[in-house]
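Thanks for coming. I will go through one structure today, starting with its pocket and ending with its charged pairs.

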Amino acid sequence: GFLLAPAAVCAVLAVPGSIYWISRASQAFTGETAAAFAPVFAADSQEGYLGREIGPDDAFLRFFRTGEAHQFAYANASNAVSVLSVKVGKDIHEIHPATHCLRSGGWFVESDGLRSVELPGRTAPLQVTEAIVQKGGARALVWIWYSTDKLSVGSFLRFRQLYSRNEDWHGFQVLTSLDLEERSLDRKRRELAAFLAGGK
């Protein structure tokens, strides 16, 4: 048995996502909950932005077989934001850590971690997973969180711990472009917070 232990460890680490789960196990217990934040996105929902819903392709429909997922693109004179909004369906396994999906889409994840963000008009901070990603010379800031009509969480592991089929859960991913240098990060955080607070 002792001789096979190293092989067993290697086998576990070879399973997609196992390193993510192991490295972030503490988040299942430390991820904060906050008041619910589950905005309803639509083409005209965000004040000051022109928006449109992006029609799903076959791969998108195959991926979210039981959930209700929508993609939106928004823009104004100075900013552009893309949104993925998912009502979790009967198969919880359709919801993965967003950084896994981003990597699958060819993005390099520079960093990711929990962050509390202040939204105008909201009394308590919203906890999100914040990721900074790059692909093909493009760079982006991404916020991810999960919410019921009672509470919200930024940690994927905390979401999985709290998940129940007896409640409607929603997952959100919002992405906006960044400069290749750090100088626009704080400004983009403010713009993303204002974007989310501007829902009708």
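How do the residues that line the largest pocket divide into nonpolar, polar and charged? They divide into 20 nonpolar, eight polar and three charged. Here Ala, Val, Leu, Ile, Met, Phe, Trp, Tyr, Cys and Pro count as nonpolar, Asp, Glu, Lys and Arg as charged, and the others, Gly among them, as polar.

Before going on, some ground rules. This is a predicted model, in which local features need pLDDT of at least 70 and side-chain atom pairs count only at pLDDT 80 or more, while totals for chains, interfaces and linings use all residues. Residues are numbered from 1 along each chain as its sequence is written, and side-chain values use heavy atoms, with hydrogens and water left out.

Now the overall picture. The chain has seven helices and nine strands. Helices (H or I, at least four residues) and strands (E, at least two) are DSSP runs, numbered from the N terminus. Of the 200 residues, 42% count as buried. Buried means under 20% relative accessible area, exposed means over 50%, and partly exposed is in between, with a 1.4 Å probe and protein chains only. Contact means heavy atoms within 4.5 Å. Among contacts between residues at least 6 apart in sequence, 64% join residues at least 24 apart.

Back to the pocket. The largest pocket has a volume of about 750 Å³. A pocket is found on a 1 Å grid over the protein atoms alone: it is an open set of points where a 1.4 Å probe fits, with protein on both sides within 12 Å along at least five of seven lines, and lining residues have an atom within 4 Å of a point. Grid points are joined across faces, edges and corners, and the volume is the space filled by probe spheres set on the points. The lining of the largest pocket has 31 residues, and Phe64, Gln71, Leu84, Cys101 and Gln173 lie nearest the centre. Two or more lining residues come from each of α4, β3, β4, α5, β7 and β9 (170-178).

Next, the nonpolar cores. A nonpolar core is a set of buried Ala, Val, Leu, Ile, Met, Phe, Trp, Tyr and Cys residues joined through side-chain atoms within 4.5 Å. The largest one has 25 residues, and Ile95, Val133, Tyr146 and Phe159 have the most contacts inside it. At least two residues of this core come from each of β4, α5, β6, β7 (138-147) and α6 (156-162). The element that gives the most is β7, with four residues. What does Ile95 touch, leaving aside its neighbours within four places in sequence? Ile95 is in contact with Phe64, Val86, Val88, Tyr146, Phe156 and Phe159. There is also a second, separate core of 23 residues, which includes Trp145, Leu178, Leu185 and Leu196.

That leaves the charged pairs. A salt bridge is a side-chain nitrogen of Lys or Arg within 4 Å of a carboxyl oxygen of Asp or Glu. By this rule there are seven salt bridges.

I will take three of them. In one, the side chains of Asp91 and Arg65 meet at 3.5 Å, N to O. The two residues are 26 apart, with Asp91 in the loop between β4 (80-87) and α5 (98-104) and Arg65 in the loop between α4 (58-63) and β3 (68-75). Arg65 is exposed, at 59% relative accessible area.

Another salt bridge joins Glu130 and Arg115 at 3.6 Å, N to O. This pair links strand β6 (residues 126-135), which holds Glu130, to strand β5 (residues 108-117), which holds Arg115. Is Glu130 buried or exposed? Glu130 is buried, at 8%, whereas Arg115 is partly exposed, at 32%. Leaving aside neighbours within four places in sequence, the contacts of Glu130 include Ser111, Asp112, Leu141, Trp143 and Arg189. Glu130 and Arg115 also belong to a network of salt bridges with Asp186 and Arg189.

Arg187 is partly exposed, at 35%, and Glu191 counts as buried, at 17%.

One more residue of helix α7 is Arg190, which counts as exposed at 56% relative accessibility. The C-alpha atoms of Arg190 and Pro120 are 9.6 Å apart, although 70 residues separate the two along the chain.
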